[in-house]
Amino acid sequence: MSASSKNLHSKWTLGGLLISLGIIYGDIGTSPLYVMKAILGTHTINADVVLGGISAVFWTLTLQTTIKYVLITLSADNHGEGGIFALYALVKKTKIKWLIVPAIIGGSALLADGIITPPISVSSAVEGIRTYYPQINTIPIVIGILFILFVIQQFGTKLVGKFFAPMMLVWFTMLGVLGILQIVQHPEVFKAINPFYAYQLLRIHPDGFFVLGFVFLCTTGAEALYSDMGHCGRKNIRISWIFVKTALILNYFGQAAFLIHHEGETLQSLGGNNGNPFYLIMADWFQPFGIVIATMAAVIASQALISGSFTLINEAMRLNFWPKVRIKYPTEVQGQLYIPSINWLLFIGCVGIVLHFEESSNMEHAYGLAIILCMIMTTILLNFYLIMKRVKLYFMIPLITIYLVIEFSFLAANITKFTEGGYVTLIIALLLISVMFIWYTAKKINKSYTKIVKINDYKKVLSELSADLSIPKYATHLVYMTNAGRADEIEEKVMYSILQKRPKRADIYWFVHVNILSEPYKTEYRVSEILKDDLYRIDFNLGFREPTKINLLFREVIKDMVKNGEVDITSRYESLNKNNIIGDFKFVLSEKFLSNDNVLKWHENIIMSTYFAIKKICLSEESAFGLDSSSVKIEKFPMVLHIPENMGLTRVK
C-alpha cells in the first residue's frame, strides 16, 4: 500500500467523517423512504408482521452491511481502493482464470443498479408532494430533477460536494429524531431486536418467504459503500457508520412504533403520500420540510451512484472489460472523473425506468435483483482474497458459507420480482455482461494471434535504414505504440510497417509500451536503450485509475532524458541543427480489421464481428492514448485468425 493510501485508511478526521456522509451513504441512507412501505404493501397492518419486518431489517443491516462490508470487506483494499474490480485485481494474482466470471457479472449488476437507484430514490421523495396534491403527475418533476442531476456531472462534484455532507448530516439527524419521537410513545417496539420475530415474519407474512425481497432493499447501498472506500478512508467509514446505522435503526423502529399503533388499518386508508409510513410519522407542519430534505437526500444518493459508475467503467477499461471511451477530469481531485457517454446512457436508462414503471412502488419490484447478484459475486471473490491472506479455514469456511446462504436466500426471494419488473434490470445487466465478455474475449483472441519477434534480429537493419540517405526521411523521431510486454520484443507488424509497408527512415525510433497495473494510482516509467542514438523503448507503468495521456507523459520523459544527456532530440538536418531546432515526432498506430480470408467458427464470428462493430463507435486509438491527431499516422492491418488450409486450386496448361 502506498504511503498516501495507508495514511488515508489509518486516520480519521472530522472532515473525513462529514465527507463520508456526503459520498458513501446516499443509497443505503434513503432506504427508509420505501422499505417498510414495500414490506406492508396493500395488506392490513399486522403488529407481528411489522415487528418481524424491522427485526429482519435490523439483522440484515447488522450481518450484511456492518459485519460483511464495514468490518470484513473494507479490509480487502487494493492500495486503498475498493469495489468489485479492485477486489478482482487483487485476487487475479492467484492465476485462477474463471474468477473473471464473478468480476464481470458483479460489475455489470452494479452498473445496472446504477440505472434503477436514481429513479426509485427521487420518485419516492417527490411523491411526498401527493400529501398536498393527491392527483399530481410526478413523472415530469422526477425526469426534470434527473436531467439537472446528469447535466451537472460534467462540472465535477467538488463544488456541490461541499453541500452534500451538511445536507446528509441534516438528513440522518432528521431520520433519528423522527424515529425517537415515535419510539418514546411505544418503546416496546425494541423487542423486535430478538431475531425470532424475523423468523416469524417468514411464516406469517402474506407473501411468505418472498418478503425477504423487500427486506433486502435496506442494504442495497452496501456494495456502493465498498466501491467508494478510496474517496474517504476505511476508518472514516467505520466510525461514521455507527452514526448512520443508529439513525437508520431509530427511523425504522419509529415507523414500526407508529404502524403498530394503527394495527388493523392499511397504509392506503391512513392516506398521506399514498400511505408511505416514512411521511406518516412526520407532524403535519413538518411534512413540507421533510419532503424537501428527502428529495435533496435522494438526489445526493443518485449522485453517489452515478460518480461510482464512472469509476467502475474507468476500471473496466483498464482491465480490458470495456471499450475505450472518452474520459474527462473536471477537477484536480484524485480519482474524480466524468465519462460523457456513460453519463447520458445512464440518463436515458433512468428516464426509461421512470416512464416504464411510473410509480416508485412499481420500481420496488425491479430493485434489488441485480444488486444481490453483485453481492454474491463479491462474496465469491472475497473467499479467494481470504485464501490469499492465509486466513484459517475454521474461520473462513463458516463465514463464507453463512453469507452465501444469506445472499442466495435473498436471491431466491427476489426471483419473484422477475416477472413484476426485475426482468428490466436483469436485461440491462445481461447486455452489460455481453459487452464485457465480448470485449475481453476478443482482446484475448487478438493477443493470441499477434506474432512477436526479437528486436535484436532487426537492430542491424534499423541502424542501416536510419543512415540510408537514398530513402526519404519519414520523420526525425518515429514512435510506435507496442503491446509487447518484454523490452527485447516487438510485434512483427511493427517491423513490417517500418521495413516493408513503406520503408520509414527516421533518426531515432521509439517503442512505447503502456502497462496497466493492478494498483490504482502509480505513474512510473523505465527507459531501455536498445541502440545508442537510434532505438529506445519506454515502458510506462500506470495505475488502473490513472489517465492514459501518452502525449504529455512521453514529452515529460523526453525532457528528462535530454536533461540527463541521454539523448539529443535536435533535428539532424544541418540548417535546423545549427539553430537548435527540435526534430519532429510522429506516432504510428496500427488498427486491425477482420480479414475476408478468415474461416471462423460460429461463436468466433459473433464475438469478432460484434467487437469490430463496437470498435467503430468507440474512442479512436489516438484519442484513447491522448495523442494529437496532427502527429499520428494510422495504419490498417488485416486480422487473420484462421486461414483456409487448402483452396482446392488446380493448375491447368
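Biologist: How are α23 and α28 set relative to each other, roughly parallel or roughly perpendicular?
Modeller: Roughly perpendicular. This is a predicted model, and in it the two helices pack at an angle of about 105 degrees, with their axes 9 Å apart. Anything from 65 to 115 degrees counts as roughly perpendicular, so that angle qualifies.

Biologist: Which residues make the contact there?
Modeller: From α23 you have F437, I438, W439, T441, A442, K443, I445 and N446. On the α28 side they are I607, M608, T610, Y611, I614 and K615. To find them, look along residues 418-448 for α23 and residues 602-617 for α28.

Biologist: OK, zooming out. How many helices and strands are in the chain?
Modeller: The chain has 29 helices and 8 strands. Its length is 653 residues, and buried ones make up 56% of them.

Biologist: And what share of the contacts comes from residues 24 or more positions apart?
Modeller: They account for 83%, counting contacts with a separation of 6 or more.

Biologist: Which residues form a nonpolar patch on the surface?
Modeller: L14, L18, L169 and F243 do, and together they have about 340 Å² of accessible area. F243 sits in helix α14, which runs over residues 234-261.

Biologist: Why does F243 count as partly exposed?
Modeller: Because its relative accessible area is 34%, and partly exposed covers what lies between the 20% limit for buried and the 50% limit for exposed.

Biologist: New topic: charges. How many salt bridges are there?
Modeller: The count comes to 10. One of them joins the side chains of K454 and D488, at 3.3 Å from N to O. That pair links distant parts of the chain, 34 residues apart. K454 is in strand β1 (residues 452-454), while D488 is in the loop between β2 and β3.

Biologist: Are those two buried or partly exposed?
Modeller: Both are partly exposed: K454 has a relative accessible area of 34%, and D488 has 29%.

Biologist: What does R486 pair with?
Modeller: R486 forms a salt bridge with E489, and their closest N and O atoms are 3.7 Å apart. R486 is partly exposed at 48% relative accessibility, whereas E489 is buried at 17%.

Biologist: And which residue forms a salt bridge with D539?
Modeller: R537 does, with the closest N and O atoms 2.8 Å apart. Here D539 counts as buried, at 7% relative accessibility, and R537 is buried too, at 0%.

Notes:
Residues numbered from 1 in each chain as written. Predicted model: local features only at pLDDT ≥ 70, side-chain atom pairs only at ≥ 80, totals over all residues. Heavy atoms only, no water. Patch = residues over 30% accessible without salt bridge, like charges linked within 9 Å, V, L, I, M, F, W, Y side chains within 5 Å. Areas by Shrake-Rupley, 256 points an atom, 1.4 Å probe, with all protein chains shown as cover. Salt bridge = Lys/Arg side-chain N within 4 Å of Asp/Glu carboxyl O. Helix = DSSP H or I, 4+ residues; strand = E, 2+ residues; numbered from the N terminus. Buried < 20%, exposed > 50% of the residue type's maximum accessible area, 1.4 Å probe, protein only. Axes fitted to C-alpha atoms, helices over the stretch in contact; angles between N-to-C directions. Parallel < 35°, antiparallel > 145°, perpendicular 65-115°, else oblique. Contact = heavy atoms within 4.5 Å.
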